[in-house]
Amino acid sequence: MSLEDHAEELASDLGVDKEEVTRDLENLVNYSVPMDEAKQSLRRKYGDGGSGGDGTPSSKAINEVSTDDSNVTVTAVVLTSGRRSIQYNGEQHVIREGELADETGKISYTAWDGFSGELQPGQTVRLGNAGVREWDGQPELNLGDSTNPEVVDETLDIDYEVGGRAALQDLAPGDRGITVEVQVLECEQKVIDGRDGETTILSGVLGDESGRLPFTDWEPHDEIEEGASVRLEETFVREFRGAPSVNVSEFSTVTALDRTVEVAESAPRMSIREAVESGGLFDVELAGNVIEVRDGSGLIERCPECGRVIQNGQCRSHGAVDGEDDLRTKAILDDGTDTVTAVLDDELTARVYGGDLDDAREHARDEMDKEVVAERISDRIVGREYVVRGSLSVDEYGANLTASTFAEADDDPATRARTLLQEADT
Ligand SMILES: [Zn+2]
């Protein structure tokens, strides 16, 4: 059969324009796609009969699925698959979540407990009558008891890696079925009020060659302890204080590794704009000039109940309280791309102030004014350039960088100026 004949057959099967089909078919064959595969791909593209009056949802390529669709049929490779236990209507349900991909793109899915398929990473599946819902502005497939799963013997040429193995730096809230190999840097047990009363969880910090992220283990695994190198399979990623956090559950597999996972010493350095646009980072290094020391810096008072900073002995939650003295600095850092408020704890503040809490109290008493502490800090740091490492959160309170280190920059200012100008150009 000639290409022309194949095109004619397809066009009449699918009820679409022959010239268009011929053009598409020529294209695919020119890219060395075998004729049978090319025809299958076009059948998918043109809907294999379409969603005519019979109510059958049309076959769609993944990049054609939109939030306007109610049901579709897709053929795709399972990239990731992770189980999660959730509660609704007072009952426990195990759902399966992950991503699917075909030649045109990828899409998230949620499979509810009525769904009869398996969804193993690497499998090619045809999902008949998959529901479409909107999640975070994007279409997502909803697989339930009315979805017909079928494993098909077909190889799709996809641009994505199967399996969900990822570096910490590449994780984003919403990722599911993720595998990481990490070193446990910090780990502590916590008792929380769970669904069924008090329950013990683990929380701490993980590191790998790319960076660090916080984690929670909801079903404490013995292998997770400080200093251990472990592989965590079937984890999911949530947002915690504006940054991604790795979640280990009862479905996760934790394996101790017989090698030590190296951990990046330094935090990724970014422009302030880039960092703020990311929406939050657990560990980042920013550099800029301190342009102002904000109110609420220097010698401050905190509520003994909740630790909030109080004004005139009044806590917003606890009313009149006996405040406890503390030191804090809120410094506005500007690198020409954007600004961020660096928040320094008592120790870092003591360093930039040049004295501890007792010195600050004495200073304030001598001058009969608490503000002198903040004023001295301001005199010492405003107009100077600093490199600040810490945890960035971006929310309704603005962009705040809780500093773990705060050091005067020793870079050559001319080099820095050129770098900033180049960034401003992009
Ligand atoms: Zn309080």
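I took buried to mean under 20% relative accessible area and exposed over 50%, with partly exposed in between (1.4 Å probe, protein chains only). The model is predicted, so I kept in mind that local features need pLDDT of at least 70, side-chain atom pairs count only at pLDDT 80 or more, and totals for chains, interfaces and linings use all residues. Residues are numbered from 1 along each chain as its sequence is written, and side-chain values use heavy atoms, with hydrogens and water left out.

Entry: helix α6. Helices (H or I, at least four residues) and strands (E, at least two) are DSSP runs, numbered from the N terminus. I looked up which residues of α6 (residues 357-367) are buried, and found Ala-360, His-363 and Ala-364. Down the axis of α6 these buried residues fall within an arc of 95 degrees, so they line one face of the helix; the arc is that of the directions from the helix axis to the C-beta atoms. Arg-365 and Asp-366 are exposed on the other side of α6.

I then checked the ends. Asp-356 caps the N-terminal end of α6, with a side-chain oxygen 3.2 Å from the backbone nitrogen of Asp-358. Just after α6, Met-368 has a positive phi of about 50 degrees.

Entry: Glu-140. I found Glu-140 in strand β6 (residues 138-143). Is Glu-140 buried or exposed? Glu-140 counts as buried because its relative accessibility is 1%. Contact means heavy atoms within 4.5 Å. Leaving aside neighbours within four places in sequence, I noted contacts of Glu-140 with residues including Tyr-109, Val-132 and Trp-135.

Note on methods
Polar contact = N/O pair within 3.5 Å; in protein donor to acceptor, adjacent residues only side chain to side chain.
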